[in-house]
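Please open the structure in your viewer and keep the selection tool at hand.

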Amino acid sequence: KTGTSIPPYTSWETAADSIQKCISICVFGDTIYVANGVYEEQVVMIPGLSLIGGGMDSCVISLTSTGIPAVEIKDTCLLKGFSILLPNTLNTWGIQAEQNGYGSLITANRIVNASLGISIRYSNLLVYNNVFENIKSIGIRLFNSNSVTRRNSIYIDPNSQSGFISGIYIEAFNNNYSPTIDSNYIISPLGRSIYQSIGARPIIKNNVIKFTQYGSDAIFLSSSDSAFIYNNLILIGTGIR
């Protein structure tokens with residue numbers, strides 16, 4: 001944020017004052033290092049880009065708009081070390097991979113105040129070791145995806161006014177998709193913490209699910225007879241249905 005913003009932004013002294021400005025001159029295989037600060041912009045990555053922030057506690061992508069994702073992931077990307085801060089309202093998205101994101105890694109980020117933390121559609125990637133705070137509706141949504149979501153911590157807003165709440169929501173057009181939901185920690189007041197809606201054959205293992213109120217489903221399968229579910233720890237909740 002304190003650089004002179006002189007292309008090609010190859011030193012801290014001449015660094016770009018905008019993440020997107022720096023992306024605009026990048027090509028496949030480039031890496032961008034982002035120093036601490038608050039960057040008030042939408043970030044649209046390009047294929048093959050590594051975007052590495054100074055840390056989820058101090059390197060912030062702040063989006064004040066609703067109805068658009070704060071970050072769009074493309075194929076073969078790395079997104080690491082950011083806090084993604086959204087307006088404290090409904091209709092806000094953190095990260096989107098839609099028909100993009102194959103072979104990408106999203107790791108060590110914090111997503112705050114999102115209605116939808118990460119939306120993955122028609123794409124396969126790894127979502128590993130991220131923190132989702134004050135989520136209004138869905139932490140991670142997987143649609144027609146074989147993605148792996150592992151060791152993420154998802155905290156649903158206890159005062160959410162959303163009519164639908166789920167930590168991880170899975171759906172597909174058919175059973176050809178088999179996403180893996182492994183070793184995540186989900187805490188929610190109500191709702192279905194892991195929800196398989198239609199299609200897909202998810203592997204759901206080693207997760208810890210905690211409710212702050214009775215009367216919810218920890219793992220809900222609405223249409224699948226071929227899911228694999230084992231070694232999950234459920235605290236409070238009504239179990240598996």
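A salt bridge is a side-chain nitrogen of Lys or Arg within 4 Å of a carboxyl oxygen of Asp or Glu. This is a predicted model, in which local features need pLDDT of at least 70 and side-chain atom pairs count only at pLDDT 80 or more, while totals for chains, interfaces and linings use all residues. Residues are numbered from 1 along each chain as its sequence is written, and side-chain values use heavy atoms, with hydrogens and water left out.

The structure holds 9 salt bridges. Select Lys 21 and Asp 17 to begin, whose side chains form a salt bridge at 2.9 Å, N to O. Lys 21 is partly exposed at 34% relative accessibility (buried means under 20% relative accessible area, exposed over 50%, partly exposed in between, with a 1.4 Å probe and protein chains only), and Asp 17 is partly exposed at 32%.

Next, select Arg 110 and Asp 57, where a salt bridge of 2.8 Å, N to O, joins the two side chains. Arg 110 is buried, with a relative accessible area of 17%, whereas Asp 57 is exposed at 64%.

Finally, select Asp 182 and Arg 150, whose side chains meet in a salt bridge at 2.7 Å, N to O. Asp 182 is buried, with a relative accessible area of 6%, while Arg 150 is partly exposed at 28% relative accessibility.
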